[in-house]
Amino acid sequence: METGEKGIELFASAPKSLPKISTHIEGLDQILEGGLPAQRTTLIMGEPGTGKTVLALEILYRGACRGEPGILVSFEESPQDIRENAATFGWDLEALEDRGLLYLMEGKMDSATLIEGRFSLEPLLAIISGKAREMGAKRAVLDAPDVLLAMIDDASMARAQLQFLTEWLSASGLTTLMTIKPRQVGIGRLFQEFFDSMSDCVISLSARVMDQVTTRRLRVLKYRGSGFGKNEYPFVISGSGIKLIPITAFQLLHKPFGERISSGIERLDGLLGGGFFRNSCILLAGEPGTGKTLMASAFAEHRCEEGEKVLYVSFEESQDALVRNVSSAGIDLAGPLKRGSLRFLCAMPESKGAEEHLMELVDEVQGFAPDHVIVDSISACERMGGKQAAFEYLMRLLNYLKERGITILMVNQTSGSKAQLEISGSGISSMIDTVIFFSYVHGEGETNRAIQVLKSRGSGHSNQIRECVITDEGIRILDPYVGPGGVFTGTARKVQEAKDALETRRLAAEIELKEREIERLKAALEAEKLKLRMQIEMAEWELAKLRGEVETAERERQERLRLREREWQGPQDLDKS
Amino acid sequence: MGQEDSSRNALSYKLKLFIAGSQPNSQLMRRTVEGLCERYLASRYSLKVFDVLEDFRPALEHNVLVAPTLIIEEPPPPIRIVGCVRDPRRILAILGLGEVHP
């Protein structure tokens with residue numbers, strides 16, 4: 001509603017612009033860049049059941065509630081049916097009728113009618129004009145005039161009547177909404193072309209079923225003299241009417257980060273460089289059971305203690321189960337719940353379409369005005385009707401909350417090996433400011449939990465992997481252990497610490513040992529040297545001895561030679577000698 | 001004329017005709033209905049002509065959306081004839097005062 005009025009102001013200030021009237025439907029005015037063209041005709045087209053009548057009626061109703069009288073002519077349903085349908089949205093039409101702000105007119109022909117020739121629509125239009133004058137009405141809805149016109153089976157007469165209707169509408173000064181069903185053949189096709197050309201603004205509604213969930217979409221096909229949102233916008237028909245949130249120019253509207261706020265876990269604040277930023281988007285990602293929900297709950301508890309309001313959206317657990325489960329870890333959510341500073345919105349993701357989920361949340365945010373919203377978990381959102389639905393839901397949710405300066409804490413369940421790839425989930429990573437990753441570390445016959453801050457926009461952060469333990473007093477993050485063997489947790493960490501001390505001592509001993517060994521080897525070397533020297537000496541001595549033997553042998557040979565020569569010369573020689 | 005016709009003849013007729021100003025179909029229908037009443041119903045009828053362009057209220061009251069519309073309120077059951085009837089005999093037939101011509 002606020003945006004609608006803002007839209008009008010914006011538009012009014014723009015020069016030479018088309019005068020517009022607000023639809024008073026949040027989101028629709030944004031798409032229409034201010035509202036419907038004043039004193040002109042807008043066509044709402046759609047198959048049966050797409051919400052044409054509800055949309056037209058809501059615009060008329062919301063205007064009437066603000067003192068803007070309007071007339072509705074229903075060619076298909078009786079006024080009583082319309083009153084009853086409106087009551088299901090909590091719209092009391094009779095009260096407005098009594099105050100002269102609304103007039104419902106039966107546009108159905110009497111059943112005992114014989115069509116015998118050419119006719120014109122003048123009485124109908126005279127009644128609308130007359131009533132409008134009487135009430136001071138500037139708005140009219142013609143709901144399904146194609147039903148009345150379908151009674152004309154003569155093309156030339158049909159053309160004449162449509163021409164007449166067009167002229168009357170443009171002269172009437174009324175802002176008119178017409179709802180018609182698209183028709184592809186015969187005179188119906190002629191109507192459609194006529195309606196199309198006589199309308200300055202054409203809105204098309206559709207309803208499609210995807211993954212067993214109905215998604216309604218709205219699209220503006222044309223808007224003479226004005227810009228408009230060109231996308232297809234999902235919408236829902238909620239308990240209080242049409243709801244839609246367009247994805248438009250959102251980045252521009254986001255509020256900057258606020259001040260630092262504690263995460264509720266002191267040591268985590270340290271890792272984050274001082275805590276979360278207000279109005280940022282934080283993602284807690286990791287495998288099931290790693291403590292994401294506990295951390296989210298600790299945050300909720302802490303913020304509530306600070307006197308702020310937290311909305312906890314749970315797609316995984318019921319309120320009671322969640323409160324009970326986290327209480328075993330010393331986190332008290334029952335207290336803030338009772339004081340009214342905490343509220344839960346629990347729903348099965350598959351219970352309704354993404355749009356209805358979103359609208360429910362938007363309603364709750366509007367009613368409760370929380371400072372922080374927790375979504376547990378975004379991985380469950382895919383069950384609302386597929387990946388695309390989840391993406392749209394989250395994207396629009398984030399935009400909506402960021403525009404309002406609400407901190408968003410989201411939980412994302414990842415599985416096993418793909419974990420690193422799906423941390424951010426559903427392609428929304430650009431919207432996320434801080435990512436805290438939870439994982440299991442296996443080993444030494446036990447499994448421990450570890451957390452790491454992977455991303456933190458706007459601040460420095462620790463890149464350490466920390467062990468966290470869940471105690472009955474909440475989550476505790478331990479000092480970092482950074483050693484040669486990587487990150488250690490739990491018993492392994494203690495063992496590792498002892499191992500390290502041992503290792504130091506062992507090394508010292510080994511060094512001493514080596515030193516001694518060298519000494520010993522050096523000594524051995526000396527001994528060997530000595531031994532070899534002795535061997536050399538021995539060899540030399542032996543050599544000398546051998547040489548001596550050789551000399552002795554030579555002498556003996558010479559002696560024997562001399563003796564033999566003497567024997568050969570005769571005995572006289574011997575005698576002589 | 002049979003018995004039924006003579007009993008029909010004894011009935012009185014209450015007619016309302018809604019027209020849209022000088023619009024040709026409305027004017028033609030008005031002349032047709034007026035002439036027919038003079039000729040066949042003599043003094044046994046009442047015909048009221050409403051111009052929707054002068055006052056929209058009677059049309060609203062009777063849920064008349066198009067012109068011309070002829071409402072035969074009496075004899076019952078009430079019948080509405082919409083559009084300009086070219087052949088007066090068609091109206092007579094609907095009133096039960098002659099043969100029905102398709």
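Modeller: E308(A) is a buried residue, with a relative accessible area of 11% (buried means under 20% relative accessible area, exposed over 50% and partly exposed in between, with a 1.4 Å probe and protein chains only). This is a predicted model, in which local features need pLDDT of at least 70 and side-chain atom pairs count only at pLDDT 80 or more, whereas totals for chains, interfaces and linings use all residues. Residues are numbered from 1 along each chain as its sequence is written, chains are lettered from A and ligands numbered from 1 in the order in which they are written, and side-chain values use heavy atoms, with hydrogens and water left out.

The partner of E308(A) is R278(A), and their side chains meet in a salt bridge at 2.5 Å, N to O (a side-chain nitrogen of Lys or Arg within 4 Å of a carboxyl oxygen of Asp or Glu). R278(A) lies in the loop between strand 14 (276–277) and strand 15 (281–286) of chain A, and E308(A) in the loop between helix 12 (292–305) and strand 16 of chain A, so the pair ties together parts that are 30 residues apart in sequence; helices (H or I, at least four residues) and strands (E, at least two) are DSSP runs, numbered from the N terminus. Over all chains, a search of the whole structure finds 29 salt bridges.

Another of these pairs lies within chain B, where E73(B) and K16(B) form a salt bridge with their closest N and O atoms 3.2 Å apart. The pair links distant parts of the chain, since E73(B) is in strand 3 (residues 69–74) and K16(B) in strand 1 (residues 13–19) of chain B, 57 residues apart. E73(B) counts as partly exposed at 23% relative accessibility, whereas K16(B) is buried at 11%.

A further group brings the two chains together. D55(B) and R57(B) meet through their side chains in a salt bridge of 3.7 Å, N to O; D55(B) is partly exposed, with a relative accessible area of 33%, and R57(B) is partly exposed too, with 42%. Salt bridges that share partners join K131(A), E134(A), D55(B) and R57(B) into one network. Within it, R57(B) reaches across to E134(A), the closest N and O atoms being 2.2 Å apart in that salt bridge, and the count between chain B and chain A is two salt bridges. Across the same interface, nine residue pairs are found in polar contact, both residues at pLDDT 80 or more; a polar contact is a pair of N or O atoms within 3.5 Å, where within protein one must be able to donate a hydrogen and the other to accept it, and residues adjacent in sequence count only if both atoms are side-chain atoms.

On the side of chain B that touches chain A, helix 3 (57–61), strand 4 (79–82) and helix 4 (88–95) of chain B each supply at least two residues, and the largest share, four residues, comes from strand 4. The contact (heavy atoms within 4.5 Å) takes 26 residues from chain B and 26 residues from chain A. About 2,100 Å² is buried between the chains, with carbon and sulfur atoms giving 63% of it; buried area is the accessible area (1.4 Å probe) that two parts lose on being put together, summed over both.

K131(A), a member of the network, also has its charged end over the ring of Y103(A), 4.4 Å from the ring centre (NZ of Lys or CZ of Arg within 6 Å of the ring centre and within 35 degrees of the ring normal). The charged end of R404(A) likewise sits over the ring of Y400(A), 3.7 Å from its centre.

T434(A) is found in strand 20 (residues 434–443) of chain A and is buried, with a relative accessible area of 4%.
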